[in-house]
Amino acid sequence: MRSISLYVDKDSLIHKIDPITKLIYTFVSVISPFIIPTILVSSIFVAVNMIILTLGKVFKKVIPIISFVFFIIITIFIIQGMFYGGNSTELFSVFSLTFYVEGLFYALRIALRAINILLTFSIIILTVKPSILIESLVRRGLPPKLGYVMHSVLQIIPMMSSTANTIMDAQKSRGMETEGNLWIRMKAFIPLIGPLVMNSLVSTHERSIALEVRSFSAKTQKTFLNEEKIPAAMKYLRLVIILIFIAIVVWRVVL
Amino acid sequence: MSKVIIKNLSYQYPLGDENALEDISLKINKGDFLGIVGPNKAGKSTLCKSLVGLVPHFYNGDFSGEILIDDLNTKNHSISQISLKVGLVFQNPFNQISGAKLTVYDEVAFGLENIGLPREKMIERIDYYLKLMDIYDQRASNPFEISGGQMQRLAIASIMAREPDVFVLDEPTSQLDPQGSKEVFNAIHKLSQKDLTVIIVSQKMERLAKYTDNILLLNQGRVIDYDKKEKIFARDDLEELGVRPPIYTEIARKMNLKNDKSYYPINRKKLTDLVVKKYGQNFSK
C-alpha cells in the first residue's frame, strides 16, 4: 500500500530547493503571464519551467500530462483561429474554412498559459514530498487539523482501496461473481460498497480516538521531528523570485 | 508514577440497554502492575477507555462516579490533558496508526510533536522505544505496510514514547505469536520497574500470572474480585465467570496441589516445586 503522491524521488538540484521557495515560484509563474498577457512572457516562463523540470530529472513524467491536454489545445487553435472576435487578417484556408492571424495568436497565448500552468504545478507535484510540503505549511500557521486532512488523504485512499480488495476477495471466496459484463460488475459493486463504507466509518471513529489519546488537540506549541534548514542561498533565491514578480507588476503598471 | 482511584463508577453507552460499568470502586497503587480479566462484555475495554477520559468525553452516555489520577479528575479535564498522564494502547493496532505519517519512525514522533517535546529528546526516545519493542529495523517502512504484530509493537512504542505515568493496554498482544507476546510483556515489565503504573487487559493468563501484582476480575460491568493474583486464580468459580485460569493452576487443581497459603500455584516453577514436594524428586525427572 503506497501513498498516492506523484512525487519522484531523485537526487537533483531542484529537489534540494525547499517547498516554500517552490510555492512562491509557483505563484509567480502562474500569475505573471496573466499580469503581462504577451506571448513573450508566457514563452519565457514555459521555457524556464522546462529547464527546471529537466534539471529535476522529471521532464519525462510531464510528457504524458502535456499529451493529455494536447487535444484540448488543438481544439482551441481551430475554434479561435476561425471564430475569434477580432479576426481580420486571413492567414490560410482549408476547403472553405478560413484561419485568421489574430485568432491563432490568441489561441497561442491561451495554449502557452495552459501549458505554463501545467508545467509549474508539475514542478511542485513531482519534486516536493507532500509530507514535507504540508509540514512546512503547518510550521507557518496552517491549522494542524487541515494539515492532517491533507496528509491523511494521501494514506487513507490507498488504504480504502486495499480494504476494498480484501472485501472483494471475501465476496469472491463465497461464490460471488465479480467479473464479466457490465451488469455483473454493477451487481458485484453493491455488496462491496456497504461493508467498505461501514468499515471506513468505524475505522475513522477509532482513528479519531487514537489521535485524541496522542494529544492531537493539545493546545501546546507543537514541535517537529524534522529540522527545517533553509540555507542562505534559498533566501536569496526567494528574494530574486519576489523581485522578478515586483518588476513584472511595475512593468504592467508603468507600460 | 501515579495513583489511580476509581469511586462508584457507573457508565452506560448512549445506545446501550444496560450499564457497561456498574458501581466500580477501587484503588490502584503507584507502580502496580494490574491485570484485568473477564469474559466478553465484562466492561474491560470500557474501563480502559474511562481511565484516559474517552468515557465520558468522547463517548456520550450516562456517566457517574469519578476517576482520579493523582489529583486529576478525568471528568473535569480534556482527553489531551489526561493523555499526558495516562497512555492507552487499543486492541486493534491498525486503527491506532495516525495515518498522518509515512514511516514508522515518524509515526512514533507524531504523539511527541503534539506535546511539544524538543527534537533531541524526541529522537532519543524514539530510538529507545523502537529498539525496546524490537521494530527499529522497520523504522523506514510505511506504518500500514508492516505486519499485524509489528503494527501492535509500533502502537505500543508510540504510546510508551510519551512516557505516561499510567500505562493502560487493552489486549496489546492479541496479534502476536507466543514469542512476540513474551517479548512485549518483558518490555512492559522492564518499564514497570521504573516508576510506571501498568494496567493491562489480556486473555494470556500465563503472562498475567508471571508479570502482574494484582488481578481485577470483572463480569457484566461489575467488580467480582480485586486481589493478589494467587488469590484470584485460586477461585473455584473462575471458569464459571468466563475466565480460564493459567494452565499450571488448572493442572494443580486437577492434582489438588495447594501451597502453604492454600493457593494453587500459578507458574511452572511453583507447580514443579509442589509436585516435587509431594511426590519426591524422581517425579520431576
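In this predicted model, B:Val4 has B:Ile28 of strand 2 of chain B as its bridge partner, where strands (E, at least two residues) and helices (H or I, at least four) are DSSP runs numbered from the N terminus. Helix 1 of chain B, residues 44-51, packs on the sheet and touches strand 1, strand 2 and strand 4 (62-69) of chain B, a contact being heavy atoms within 4.5 Å. The direction of helix 1 makes about 120° with that of strand 1 of chain B, with axes fitted to C-alpha atoms, for helices over the stretch in contact, and angles running from 0 to 180 degrees between N-to-C directions.

Strand 1 (residues 4-12) and strand 2 of chain B pair in the antiparallel sense over five bridges; pairing requires that DSSP finds at least two bridges between two strands. The open sheet in chain B consists of four strands in the order 2-1-4-5, with antiparallel pairing. Because strand 2 (21-28) and strand 5 (72-73) of chain B stand at the edges with a single partner strand each, one side of each is left without a neighbour in the sheet.

Within strand 1 of chain B lies B:Asn8, whose phi is near 45°, a positive value in a residue other than glycine. B:Asn8 is partly exposed, with a relative accessible area of 45%, whereas B:Glu171, at 12%, is buried (buried is under 20%, exposed over 50%, partly exposed in between, with a 1.4 Å probe and protein chains only).

Residues are numbered from 1 along each chain as its sequence is written, while chains are lettered from A and ligands numbered from 1 in the order in which they are written. Local features need pLDDT of at least 70, side-chain atom pairs count only at pLDDT 80 or more, and totals for chains, interfaces and linings use all residues, while side-chain values use heavy atoms, leaving out hydrogens and water.
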